[in-house]
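These are my notebook entries on one protein chain. I went through the structure element by element and recorded what I looked up.

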Amino acid sequence: MKINGELHYLWRAVDHEGEVLESYVTRTCDKAAALTFMKMALTRHGSPAAITNGGLRSYGAAMSELGNADKREIGRWANNRMENSHLPFRRRERAMLRFRQTKLLQKFASVHANVHNHFNLERHLVDRKTFKERRAAALPDWRQIAA
C-alpha cells in the first residue's frame, strides 16, 4: 500500500475460516517486521498446528528464530485464503481514496477486520432469506458491543 507515495506493508493473520485475526502495518518487509508481527499474533492467539504463508524469505527467517520452522507450509495455492482476505479491505480502501498516515491505516485495518468478521456471514453459501435473518441478528449484537 502507498501512503503519500511511500510503500508500506500490511501483515495479516487469518484463521482457517478466513476471519482476520491480526493486522499490522510496517514500512519494511524484512525479518524484523515479520518477527514482530509473528510474536504479536502468536502471543494473542496461541500457536497453531500449521502456519501457511508465502515464499518470502523473511517469513522463513522469523519462523526459524521463533522455532516454528517445522510448522511452516508453503505451496502454490496454499496462501489463497490469506490473499483473498485482502479483497474487502482493498475495496473499502479504494472507496476512501487511500490513506494519508500510517497510524490511520493501522487503526482502520484493525477496526475493518473486526467489523468484517462480525458481518461476514458466508453469503455465497446461503440463500437471501437466511442471509438477511443472520445479518439482522448480528446488528443488535454489534450495537451492544459498540455502546
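**Entry 1: the β3/β4 pair.** I began with strands β3 and β4, which pair in the antiparallel sense over 6 bridges. The model is a predicted one, and I read every value below as computed from it. I looked up Y9 and found that its bridge partner in β4 is T26. I then asked how much of strand β4 is buried. Of the 7 residues in β4 (residues 20-26), 5 are buried, so the strand is largely enclosed by the rest of the structure.

**Entry 2: helix α1.** I checked the length of α1 against its residue count. Its 15 residues should span 21 Å at 1.5 Å a residue, and the C-alpha atoms at its ends are 21 Å apart, which agrees. As buried residues of α1 I noted A33, A34, L35, F37, M38, M40 and A41. Their cover includes β3, β4 and α2. After the helix comes G46, with a positive phi near 85°.

**Entry 3: H45.** Next I turned to H45, which lies in helix α1. Is H45 buried, partly exposed or exposed? Its relative accessibility is 41%, so I recorded H45 as partly exposed. Leaving aside residues up to four places away in sequence, H45 touches L21 and E22. The side chain of H45 reaches the backbone oxygen of L21 at 3.3 Å, and it makes a polar contact with the side chain of E22 at 3.2 Å. I also took the C-alpha separation of H45 and D15, which is 9.9 Å for two residues 30 apart along the chain.

Entry 4: In soluble globular proteins, nonpolar side chains tend to be buried together. The largest nonpolar core has 13 residues, and W11, F37, M38 and A62 have the most contacts inside it. At least two of its residues come from each of β3 (9-14), α1 (31-45) and α2 (57-66). Helix α1 gives the largest share, 7 residues.

**Entry 5: Y59.** I placed Y59 in helix α2. With a relative accessibility of 16%, below the 20% cut-off, Y59 counts as buried. Which residues does Y59 touch, not counting those up to four places away in sequence? I listed W11, M38, N53, G54 and R72. From Y59 to A69, 10 residues apart in sequence, the C-alpha to C-alpha distance is 9.3 Å.

**Entry 6: the whole chain.** Last, I recorded the overall figures. The protein chain holds 6 helices and 6 strands, and from the N terminus on its elements run β-β-β-β-α-β-α-β-α-α-α-α. Of its 147 residues, 32% count as buried. Among contacts between residues at least 6 apart in sequence, 43% join residues at least 24 apart. The chain exposes about 9,700 Å², and carbon and sulfur atoms supply 51% of that area.

How values were computed:
Residues are numbered from 1 along each chain as its sequence is written. This is a predicted model: local features need pLDDT of at least 70, side-chain atom pairs count only at pLDDT 80 or more; totals for chains, interfaces and linings use all residues. Side-chain values use heavy atoms; hydrogens and water are left out. A nonpolar core is a set of buried Ala, Val, Leu, Ile, Met, Phe, Trp, Tyr and Cys residues joined through side-chain atoms within 4.5 Å. Buried means under 20% relative accessible area, exposed over 50%, partly exposed in between (1.4 Å probe, protein chains only). Helices (H or I, at least four residues) and strands (E, at least two) are DSSP runs, numbered from the N terminus. Contact means heavy atoms within 4.5 Å. Two strands pair if DSSP finds at least two bridges between them. The expected span of a helix is 1.5 Å times one less than its number of residues. A polar contact is a pair of N or O atoms within 3.5 Å; within protein, one must be able to donate a hydrogen and the other to accept it, and residues adjacent in sequence count only if both atoms are side-chain atoms. Accessible areas come from the Shrake-Rupley method with a 1.4 Å probe; for residues, only the protein chains shown count as cover.
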